[in-house]
Amino acid sequence: MKRLVLLGGGHAHVYVLDALAHARLPDTEVTLISPYPRQIYSGMLPGWIAGHYTLADTAIALAPLAERAGVRFKQARGVGLDLDARRVRCDDGSEIPFTWLSIDTGPTTASARIAGSTDHGIPVRPIEDFVTRIDALIAAASADPACSAAIIGSGAAGFELALALRARLPTLALTLIGSTALPLDGLPGRLQRQARRLLEARHIGWVGRHRAQSIDTDGVWLDDGQHVCASHVLQVTGAAAPDWPAQSGLATDASGFIRVGPTLQSVSHPVVFAAGDVAAYADPRPKSGVFAVRAGPPLAENLRRAIAGEALLPWQAQRRALYLISTGDRRALAAWGPLSIEGAWVWRWKDRIDRAFMARFSQHGM
Ligand SMILES: Cc1cc2nc3c(=O)[nH]c(=O)nc-3n(C[C@H](O)[C@H](O)[C@H](O)COP(=O)(O)OP(=O)(O)OC[C@H]3O[C@@H](n4cnc5c(N)ncnc54)[C@H](O)[C@@H]3O)c2cc1C
């Protein structure tokens, strides 16, 4: 009997589960290991905060999806690998043996260089903890007009979360902090300037060209000694690698992400596959849900081929991703390479894409 372990219920693995529901693997026991019974879809998280979706709308129930695929569901967090004995070590002390291992555990929040972040920050990942803390922030702000918030990180996710919080809490004192001159770094300049105007129109403070140095109970200290007052500090500082892949002996890039070749196999341990943000692809791409989703079908196909002893197929991600950035008011910005556009119809387009993604995996939603 062969054993395939799927570690993490991320975007690529929900596709693998869906593929297994349509065609099971002969003589193979498959186990999904995930710390939570559901996968909250980050693309709809700002919409949940803004009040456009319920949390259930944004969650893929992993256990029923696994059951449909004939996959055993184990609720645990992977904390290490014994690559010689081919075992995944879990946080409950158990060890799960594998013949083949596929890793799609996503990133952690990059916050190592911000002092006090562990005690006083609210990192966006794990998203399960984040939603609990957002609920607490909404309750605190509703009860106490002196409540205030700052968001560190002005990429697409930080910007979306700022506008979503504004939509939910119209009078909250709110500041967005970024290290670049304008929010949405890397996206077209026209969109960045529009994002800046939107912040102003929604009374969201903008502190650009500064790095957060530390967080305390009163807010955020910046690299030039300025202090931004905030009772709640959200960290949306980008994707960092978890420690355990490198510590387990998997080849990683300089940042600790698992290096994979074009077949999505680890370059050091070919029985291990990785996809999504935790992987460093041979032809690198930005950390983005779009590329994690796109890796799903080739990952499913190559796992099937590996187990059947067939030749694997190379995969290369598309060059560009479409960015759809909601602005909290059922409107959205879109960017495709140098092109950008904005409008209510862009949000309806994003809403249709997100709901279609969820519908595919949520026949037994929770
Ligand atoms: C607010 C926000 C909005 C975003 N919006 C968009 C968007 O609109 N479009 C877009 O392309 N990208 C978006 N992103 C980025 C996107 O979330 C990530 O790029 C994407 O989630 C990466 O997918 P993944 O499958 O690699 O990991 P994830 O989606 O993070 O999934 C990883 C899974 O593994 C589980 N896991 C974690 N650690 C372990 C472990 N040790 N053992 C077992 N399981 C584990 C997690 O619980 C989770 O279920 C957004 C990010 C944020 C924060």
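These notebook entries record what I looked up in the structure, taking the ligand, the cavities, the domains and the backbone in turn.

**Basis.** I worked from a predicted model, in which local features need pLDDT of at least 70 and side-chain atom pairs count only at pLDDT 80 or more, while totals for chains, interfaces and linings use all residues. Residues are numbered from 1 along each chain as its sequence is written, and side-chain values use heavy atoms, with hydrogens and water left out.

**Ligand shell.** I found 29 residues around the ligand, and the closest are Gln39, Ser42, Asp104, Arg125 and Asp277. By class, I noted 11 nonpolar, 13 polar and five charged residues in this shell. In this scheme Ala, Val, Leu, Ile, Met, Phe, Trp, Tyr, Cys and Pro are nonpolar, Asp, Glu, Lys and Arg are charged, and the others, Gly among them, are polar.

An N or O atom in the side chain of Arg125 is 2.7 Å from an oxygen atom of the ligand. For Gly289, a backbone N or O atom lies 2.8 Å from a ligand oxygen. Thr105 also has a polar backbone atom 3.5 Å from an oxygen atom of the ligand. On its own the ligand has 990 Å² of accessible area, and the protein covers 87% of that (Shrake-Rupley method with a 1.4 Å probe; for residues, only the protein chains shown count as cover).

**Elements and domains at the ligand.** I assigned helices (H or I, at least four residues) and strands (E, at least two) as DSSP runs numbered from the N terminus. Helix H9 gives the most to the shell around the ligand, with three residues. I also recorded that the protein is divided into domain 1 (2–35 + 76–107 + 241–319) and domain 2 (117–238), with bounds from an automatic or database domain assignment. Their C-alpha centres lie 33 Å apart. Each of the two domains supplies at least three residues to the shell around the ligand.

**Cavities.** I searched the whole structure and found four cavities of 30 Å³ or more. A cavity here is a set of points, on a 1 Å grid over the protein atoms alone, where a 1.4 Å probe fits but cannot get out; lining residues have an atom within 4 Å of a point. Grid points are joined across faces, edges and corners, and a volume is the space filled by probe spheres set on the points. The largest cavity has a volume of about 60 Å³, and its lining includes Asp277, Tyr281, Arg285 and Phe291.

**Backbone.** I checked for exceptions, since most residues other than glycine have a negative phi, and most peptide bonds are trans. A cis peptide bond joins Arg125 and Pro126, with omega about -5°. Pro126 lies in the loop between strand S11 (121–123) and helix H5 (127–143). Asp27 has a positive phi, near 50°, and lies in the loop between helix H1 (11–22) and strand S2 (28–34).

Conventions: A residue is near a molecule or strand if one of its heavy atoms lies within 4 Å of it. A polar contact is a pair of N or O atoms within 3.5 Å; within protein, one must be able to donate a hydrogen and the other to accept it, and residues adjacent in sequence count only if both atoms are side-chain atoms. On a 1 Å grid over the protein atoms alone, a cavity is a set of points where a 1.4 Å probe fits but cannot get out, and a pocket is an open set with protein on both sides within 12 Å along at least five of seven lines; lining residues have an atom within 4 Å of a point.
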